[in-house]
Amino acid sequence: PRLNDNWFVKQAAHIYLAELAEHGAQIYSFEHGFMHQKVMLIDERLGIVGSTNFDNRSFRLNFEVTGAVADEAFASEIETMLSEDLACSTNITQQYLQKPTLWNRFKAKSCDLLAPIL
């Protein structure tokens, strides 16, 4: 999301978003508030929805959950939801393909050092 609840996490994410963009991923910024959900649609058959981040804190300390549902009707609802979310988002891929300033690299790498405790 464009609005993030943790400045450090947002800065640390820049490293990974830039790497994803370099490999062809499209990066979008959700413009209508804060979004914490993690959603994946696989082959229009499997929908995965949850709040779990892929980090030690989420796996070991936080009580977050993610569910996987193998159902085409559910997957269709996920596809509709994702399309609506993307319609409320701005593609910012080019921002991550540009070489960041020294200051932005410093912020991102410094915050990435804190990733294990964020």
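The legends below describe close-up views of a predicted model.

In this predicted model, local features need pLDDT of at least 70 and side-chain atom pairs count only at pLDDT 80 or more, whereas totals for chains, interfaces and linings use all residues. Residues are numbered from 1 along each chain as its sequence is written, and side-chain values use heavy atoms, with hydrogens and water left out.

View A. Buried stands for under 20% relative accessible area, exposed for over 50%, and partly exposed for values in between, with a 1.4 Å probe and protein chains only.

**View B. Ser89 in strand β5.** Strand β5 covers residues 89-91 and includes Ser89; strands here are DSSP runs of E with at least two residues, helices are runs of H or I with at least four, and both are numbered from the N terminus. Ser89 is buried, at a relative accessible area of 19%, and a polar atom of its side chain lies 2.6 Å from the backbone oxygen of Asp85. Not counting residues up to four places away in sequence, Ser89 touches Tyr28, Ser29, Phe30 and Glu31.

**View C. The loop between β2 and β3, with Asp43 and Glu44.** Asp43 is found in the loop that joins β2 (38-42) and β3 (46-50), and Glu44 lies in the loop between these strands as well. Although Asp43 is not a glycine, its phi is positive, at about 55°, and Glu44, also a residue other than glycine, has a positive phi near 55°. Asp43 is exposed, with a relative accessible area of 61%, and Glu44 counts as exposed at 54%.

**View D. Lys107 in helix α5.** Lys107 lies in helix α5 and is buried, with a relative accessible area of 17%. Leaving out residues up to four places away in sequence, Lys107 touches Trp7 and Gln11.

**View E. Leu114 in the segment after α5.** Leu114 is found in the segment that follows α5 (102-113), and at 32% relative accessibility Leu114 counts as partly exposed.

Terms used: A polar contact is a pair of N or O atoms within 3.5 Å; within protein, one must be able to donate a hydrogen and the other to accept it, and residues adjacent in sequence count only if both atoms are side-chain atoms. Contact means heavy atoms within 4.5 Å.
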